[in-house]
Amino acid sequence: MERLTIKDIPLEEYTITPGSACQGCGPALAARLVFKALGNKVIRHGVPSCPDSVTRTPHTFSVFESAGAALTGISRALKVLGREDVLAVGFIGDGGTYDIGFQALSAAAERNEDILWFCKNNEAYMNTGIQRSSATPLYAWTTTTQVGPRGRGKETPRKNLPFIIAAHHVPYVATASIAFPTDLIGKVLHAKRLRGFRFIDILCPCPTGWRFDPSRTIEVARLAVQTGMWALYEIIDGREFRLTYKPKKLKPVEEYLRLQGRFRHLTDREIEEIQRMVNENWERLLKLDEMGEFPL
Amino acid sequence: MTIEVMVGNKAAATAAKLSRVQVAVAFPVTPQTTIVEYLNEFITKGEMDCEFINVEGELSAQVVVQAASRVGARTFCCTSGPGCLYMHHPMHDTSSLRLPVVMAVVHRGNKGMQPDHTDLMSHIMTGWIQWYVENNQEVLDSIIMAYRVAEDMRVRIPIAVGYDGYILSYTAEPVDIPDQEEVDDFLPPYKPMPSLMPEDFDPKAPLWWRVPWEEHHKVIVDAKEVIKEVNEEFGKRFGRSYGNGLVEEYRCEDAEAVIVVMGTIASTARDAIDNLRAEGKPVGLVKLKCLVPFPYEDFQRIGSEVRAIGMIDRNVCLGVGGVGHTFIRNAIYDLEERPRVLGFHAGLAGKEVKVSDIERMAEKTLKAARGESISPLVEWI
Ligand SMILES: Cc1ncc(C[n+]2csc(CCOP(=O)(O)OP(=O)(O)O)c2C)c(N)n1
Ligand code: SF4
């Protein structure tokens, strides 16, 4: 990734936050940062998700289930027309990435299509009103993983999609956060200069779905990273691994969980369980970082 | 111009090559598979300059050509039976976005491998123009014509060219292959509308371009005129045309009754009609090529000239009836004097339809034309 300071962030704005976005919307901010870094030589593809991002760039829109195929079509047509100066960019929710769009995503990654894919990951289907996706974390409440005598929220941890994409041996995979804009934009600028399949998964807190005060979006996003619930890293060519944010000591996950209504029901034991998982995962990531290698 | 003996699937691939397709997608399904193999061969040998994408399924196949067409590439896809059904959702959007994608559908029914028309007919409401063709020459000619029609600015609607699996896909017939220059002359390069390139970006343009239902419907209805024009021009340039592009009439002069068929059954039916005419029986044949948009005007004209029509449907809309039968009855309803309309379901799941079967259906239709009582009105052969 490229190293920059906050002053290096381009001033141009390429997104218009639509009226449909809630106050404090994480994905809207992600769109703003990403398209600042990409500029306007872009065709953005979207599928149903929330909010409808609006960019001052050409855009296409098609079925929820197949963004990977649409981006393939865009990129190949640009190639055949001799317009490889234009980027084919997907800006897709976690549902359109981790779940219904997964097959076409994996296929496009395996073919190493010349595509930039951003997952604006708000950890659930928000457009349809907060249903779980496979990016939803363990024990999170959603309208389809409710809490009651027979339910403790989502029963399983989220799938590790960035690692799965990296296992396709694509040029670039990274995670990012809206609370770390220089890290995020550094990754976007780096990815922009590569060719082939590039994937950046951006954690984007959603006050409406995660149940927190809209003034605290950045705080929540920052704590996700500082507690190790969402680690920032990059994987190059499916071989090199690098953590891009390495605090000396992680903050307790409780600080992150307690801010959010979707985790309000958690018992101390459940929080401990999450803490254990995060610790183990962090140890593993530190080892990978030390080796500098991605093991798959 | 050269004559080559080739199977239907090679005729389809050759048509894509002659049409200078720029983006083609591939996902195998019997009996379509060899089309994508031929395409790959043409591209690998350097005979065809085209992006070839091995997608992971037909849903993605449809979405790839949709997006590539939107950006500005001429696209081709092909499928059969289950793959055709799997594409359903994005097919709606390809039409709504008014993208001139052309697709070959090598018919395969959904109750086994053998052909019937239920695969493509399941998409009647997707807003695709649907043609059903009779032989390998018509496969090749129709795919080339399809690009001309689909890309016409008055149309900009995708077209599916259907032909019966096995009966054509793997059966060799002589095919007259036009010269590349002649095809280039007939088919100018494709330009997307509006342009999607960043330098042409208009922030005031509507967010996503989906045509409203009424306009969408009317554009497809009006495409009939363009189809007729293109069919006629193709005939002038290449010496072959197919009726008026919508329907093709065979020995209908002075007919008291006609039978209506689609696809390969038309070839068998020509023999049956010749036999009946030789016996002095005034029966004609109508080949229904263009199912969508439906040629209402032609059936009103035919319906006012004969006293009975027998529709042979290689399909069934379950719980409703034969698709052709239903549409023809709709077409003739407003005539002052209506002919009788008989229905036959024949050739489903690839069941053989013999000359003698067609003779019998035609004779039954003639009886109805002559006022004899016939029963049942709709029959399974
Ligand atoms: C084929 C299909 N199934 C279901 C839907 C309904 N739908 C629209 S958006 C959406 C969820 C989007 O979730 P995600 O991709 O995570 O984006 P978010 O809304 O959370 O930003 C669903 C289920 C649809 N539009 N199409
Ligand atoms: S529900 Fe969440 S993702 Fe959707 S607009 Fe509101 S804050 Fe943004």
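**First stop: ligand 1**

Helix 3 (residues 94-99) of chain A supplies the largest share of the shell around ligand 1, namely three residues; helices (H or I, at least four residues) and strands (E, at least two) are DSSP runs, numbered from the N terminus. The model is predicted, so local features need pLDDT of at least 70 and side-chain atom pairs count only at pLDDT 80 or more, whereas totals for chains, interfaces and linings use all residues. Residues are numbered from 1 along each chain as its sequence is written, chains are lettered from A and ligands numbered from 1 in the order in which they are written, and side-chain values use heavy atoms, with hydrogens and water left out.

Select next the residues around ligand 1. There are 17 of them, and Cys50(A), Gly95(A), Ala124(A), Met126(A) and Asn127(A) come nearest; a residue is near a molecule if one of its heavy atoms lies within 4 Å of it. By class, this shell has seven nonpolar, seven polar and three charged residues. Here Ala, Val, Leu, Ile, Met, Phe, Trp, Tyr, Cys and Pro count as nonpolar, Asp, Glu, Lys and Arg as charged, and the others, Gly among them, as polar.

Which residues place polar atoms beside an oxygen atom of ligand 1? A polar side-chain atom of Asn122(A) lies 3.0 Å from one. A backbone N or O atom of Ala124(A) lies 2.8 Å from an oxygen atom of the ligand, and a polar backbone atom of Asn127(A) is 2.8 Å from an oxygen atom of ligand 1. Of the 580 Å² of accessible area that ligand 1 has on its own, the protein covers 78% (Shrake-Rupley method, 1.4 Å probe).

**Second stop: ligand 2**

The residues around it include Cys22(A), Cys25(A), Cys50(A), Asn122(A) and Cys206(A). By class, this shell has eight nonpolar, two polar and no charged residues.

Select residues 217-226 of chain A. Helix 8 is mostly covered, with seven of its 10 residues buried; buried means under 20% relative accessible area (1.4 Å probe, protein chains only). Among the buried residues are Val220(A), Ala221(A), Leu223(A) and Val225(A). The buried residues of helix 8 pack against several elements of chain A, including helix 1 (26-38), strand 9 (172-177) and strand 10 (197-203); contact means heavy atoms within 4.5 Å. Just after helix 8, Gly228(A) takes a positive phi of about 85°.

Ser177(A) lies in strand 9 of chain A. Why does Ser177(A) count as buried? It does so because its relative accessibility is 0%. A polar atom of the side chain of Ser177(A) lies 3.0 Å from the backbone nitrogen of Ala179(A). Not counting residues up to four places away in sequence, Ser177(A) touches residues including Ala221(A) and Val225(A).

Leu250(A) counts as buried because its relative accessibility is 14%. Its partners, not counting residues up to four places away in sequence, are Gln226(A), Thr227(A), Gly228(A), Val278(A) and Trp282(A). Leu250(A) and Trp282(A) are 32 residues apart along the chain, and their C-alpha atoms are separated by 9.0 Å.

**Last stop: chain B**

Colour chain B by domain: domain 1 (2-238) and domain 2 (247-380), with bounds from an automatic or database domain assignment. Their centres, taken over C-alpha atoms, are separated by 28 Å. In chain B, 24 residues of domain 1 are in contact with 27 residues of domain 2.

How values were computed: A polar contact is a pair of N or O atoms within 3.5 Å; within protein, one must be able to donate a hydrogen and the other to accept it, and residues adjacent in sequence count only if both atoms are side-chain atoms. Buried means under 20% relative accessible area, exposed over 50%, partly exposed in between (1.4 Å probe, protein chains only).
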